[in-house]
Amino acid sequence: MYMNGSTRELLTLAPLDLSATHIYPAFVFGTLTYLIIVFCNLLVLTTIAVSKKLHKPMFILLFNLPISDMVGATAFFPQLLFSIVTQDRLISHPACITQAFLIHIYGTGNMLILTAMAYDRYIAICCPLRYNAIMSPHNLIRIIILIWFINFSVIFTLCVMVARFKVCRTNIVDLYCNNPSLLKLVCEDTRVNNYYGIATIVVIMGGPLLVIIYTYAQILRTCVMTNHTDARRKALQTCGTHLVVFLILQINTTFTLITHRIESASPYIRRILGVSILIFPPFLDPIIYGLKTTELKQNMLMFLKKNFGSTKL
């Protein structure tokens, strides 16, 4: 039986399988996690915004990461918390498309932002004399606009292509809406969507991976050749932090997409990996950058001390 995707037809997300005794602890844990994510990311955003010392290309690019992280967390957590309390896993088709759009905006945005940050570090370490010319305010604005333009155009096209179909099933196989799970509701020919999805994965995930490999190989070569121990240590620390954040997102996303393509893959593993993409990067990004980036850490402490009294970290 076909149902028009444009109507407010109700879909059913994968069950949470929570017993009555686990509902309250799950709600409290989810709420605290979401509040911590929002607080930490807002702290990074505010610190960069108010600290003139951080108005540099690296931190202006970093400014975009908490925005993307909060988009992903907000697309996931409020709906999850509501369904925990009500034990209702129903979601309308338009709401499902909207959630998928925001979640993919988050994932793609993070990939592109982290790639731009890797390029910034590559120029700063390998071409320091040309850094101010290459990463000028004008070029920096161009990079940021390009990041969000590519992000919105690619994901908007992806969601429009899946929204045009009539659905013949109502059970979403994941704990939240995304493009692969929405395509599984369709009984029509989805080859064009699959081709576009594969092309998007190759470009959005393969492109950044190649950039990261090249830039970090060059950074490592430069650090090995330099005679300044302090400069080498600082460069490796900054780039190591960046690499950890990138790998967390890249590995989780890759395995999640692979499990969607393999029919025999455990749905529980796929759901765990899928949820981890929306929890760990938004939770860990501000903590990792706040603790490991000395300049940001010092300014965060100054901001907290000024606004909330004595603070130790």
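Helices (H or I, at least four residues) and strands (E, at least two) are DSSP runs, numbered from the N terminus. This is a predicted model, in which local features need pLDDT of at least 70, side-chain atom pairs count only at pLDDT 80 or more, and totals for chains, interfaces and linings use all residues. Residues are numbered from 1 along each chain as its sequence is written, and side-chain values use heavy atoms, with hydrogens and water left out.

**View 1. Helix H2 spans residues 57-86.** The helix has 30 residues. From first C-alpha to last, H2 reaches 45 Å, close to the expected 44 Å (1.5 Å times one less than the number of residues).

**View 2. H2 has a kink centred on Ala 73.** The kink is about 25° (the bend is the angle between axes fitted to the seven residues ending at a residue and the seven starting there).

**View 3. Phe 77 lies in H2.** Phe 77 counts as buried because its relative accessibility is 2% (buried is under 20% relative accessible area, exposed over 50%, partly exposed in between; 1.4 Å probe, protein chains only). H2 itself is mostly covered, with 21 of its 30 residues buried. Excluding residues up to four places away in sequence, Phe 77 touches Gly 30, Thr 33, Tyr 34, Ile 37, Leu 278 and Ile 279 (contact means heavy atoms within 4.5 Å).

**View 4. Confidence is lowest in H8 and highest in H5 among the elements, by mean pLDDT.** Helix H8 (residues 229-261) has a mean of 78, and helix H5 (residues 137-163) has 96 (pLDDT is the predictor's confidence in each residue, from 0 to 100). The protein averages 88, and 92% of the residues score at least 70.
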